[in-house]
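The sequence and the structure come before the description.

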Amino acid sequence: MKIATWNVNSIRARHELVLDWLKRVEPDVLCMQETKVVDDDFPTDELMRLGYAVAMAGQKTYNGVAIASRRPMKDIAVGLHDDGPEADKRLIAATIDGLRVLSAYIPNGKSPTLPAFQGKLHWLARLRETLERGPAGEIVLCGDFNVAIDDRDVYDPEAMRGQLHFHPEEHKALAHLLDLGLVDAFRLHHEEGGLYSWWDYRGGGFRKNQGLRIDYVFVGKALAAHCRDASMDVDARRRDKPSDHIPVVVELDQP
DNA sequence: ATGACTGACGATGTCAGA
C-alpha cells in the first residue's frame, strides 16, 4: 500500500503535473492540500480516468483538501470535530482498507505575534481531539503541518529558532498531537538533515536548497512496524511550474 | 546584470502563502 501526501498549491494550476505524477508513481492513495477550488470545479473526472475516486472538501481561493484513492473509501468525514459551517476546509478523512487516512492542512499562523498563531496552535489541539473521537483503525495522518520538527528540518536552525514554523510553541503543540502514538514515517528511513519538502519560490530557495521539511506522513506505532519505505520526490520540484511543496510517499506492508 | 515568486481574483493591484 503506497500512500502519498502533496500540497499541490492549486489543483487547477497543477492538475497536469499531478496526473503525470500519479501515472509515474502509482500510489494507492494521494492526500492533497491547498487545492484552492470548489468541489464542482475539482478535476474529478481526470483522476477517475486514472482509476482514482476522490473525496474532496474545497472552497473558493484558499485552503481545500482532498484524498484520491484507487481502493474504496468509506466513512468520509470533513473538518475538525467542532468546526462550524464557515470553517476553513483544512481536513478530510476516509477509511481505506481499515486505515484511517487523513489529509490535513494546518494553518500557517502568519507570525508568532499575531492571533493567527494561537489559532494554529489551537487547530493542532483540536486535531488531536478529532483523532481521539474518530472511528477506530490505524491512523495515517498526512499533510502540510507548517511546522519543521527539528534542526535537521530547517536550513538555518539558529536563524529560524523562535520564528514561524520553528517556534517552541509549535513544537509543543505538534508533540502533543504525536503523543497519541504517531510516528514520523520519513524519519524511520532517513536520519540526515537537509531533506526538505518545501522551498520558497523566491530567492532561488530550491537551487540553494534553502527549504523546510513541513510535510509529513505520521503513522500509528503498530503501523510503523509495517512501514517498508518512505521518501520525498524532489524531482517534482524540478518540473515546469512546480508546486512549492513536493510529495511525501510511504509504503506500508499489507497488514 | 549570475538575481528575479506564484496563484486566485478579477485586476491592471492586493492578499496569502511559508
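The model is a predicted one.

**Overall form**

Chain A contains six helices and 14 strands. Its C-alpha trace spans about 45 × 40 × 40 Å along the principal axes. Of the 255 residues, 55% are buried. Among contacts in chain A with a separation of 6 or more, 69% are between residues 24 or more positions apart.

The accessible surface of chain A is about 11,300 Å², and carbon and sulfur atoms account for 49% of this area. Charged side chains number 33 positive and 40 negative, and the centres of the two sets are 2 Å apart.

**Helix α5**

Helix α5 covers residues 168-178, and its buried residues are E170, A173, L174, L177 and L178. Viewed down the axis of α5, these buried residues fall within an arc of 135°, so they line one face of the helix. The exposed residues P168 and K172 are carried on the face turned away from the buried side. What do the buried residues of α5 pack against? Their partners are α3 (115-133), β8 (138-144), β9 (182-184) and β12 (215-220).

**Two buried residues**

N146 sits in the loop between β8 and α4 (157-160). Its relative accessibility is 5%, so N146 counts as buried. Setting aside residues up to four places away in sequence, N146 touches Y105, I106, P107, N108, K120, H165, E170 and I214. One of these, E170, is also among the buried residues of α5. I214 is 68 residues from N146 in sequence, while their C-alpha atoms are 5.1 Å apart in space.

W21 belongs to helix α1 (residues 11-25). With a relative accessible area of 2%, W21 is buried. Beyond its neighbours within four places in sequence, W21 is in contact with A4, W6, E26, P27, L30, D233, P247 and V249. D233 is 212 residues away from W21 along the sequence, and the two C-alpha atoms are 9.8 Å apart.

**Partly exposed loop residues**

| Residue | Relative accessible area | Class |
|---|---|---|
| G98 | 45% | partly exposed |
| R161 | 39% | partly exposed |
| N209 | 33% | partly exposed |
| K36 | 23% | partly exposed |

The class rests on cut-offs: buried means under 20% relative accessible area and exposed means over 50%, with partly exposed in between. K36, at 23% relative accessibility, therefore counts as partly exposed.

G98 is in the loop between β6 (91-96) and β7 (99-105). Apart from neighbours within four places in sequence, G98 is in contact with G137 and E138.

R161 lies in the loop between α4 and α5. Not counting residues up to four places away in sequence, R161 touches D151 and F166. R161 and H122 are 39 residues apart in sequence, and their C-alpha atoms are 21 Å apart in space.

**Backbone angles**

Most residues other than glycine have a negative phi.

Definitions and conventions. Residues are numbered from 1 along each chain as its sequence is written. Chains are lettered from A and ligands numbered from 1 in the order in which they are written. This is a predicted model: local features need pLDDT of at least 70, side-chain atom pairs count only at pLDDT 80 or more; totals for chains, interfaces and linings use all residues. Side-chain values use heavy atoms; hydrogens and water are left out. Buried means under 20% relative accessible area, exposed over 50%, partly exposed in between (1.4 Å probe, protein chains only). Helices (H or I, at least four residues) and strands (E, at least two) are DSSP runs, numbered from the N terminus. The arc is that of the directions from the helix axis to the C-beta atoms. Contact means heavy atoms within 4.5 Å. Accessible areas come from the Shrake-Rupley method with a 1.4 Å probe; for residues, only the protein chains shown count as cover. Lys and Arg count as positive and Asp and Glu as negative; His and the chain ends are not counted. The place of a charge is taken as NZ of Lys, CZ of Arg, CG of Asp or CD of Glu.
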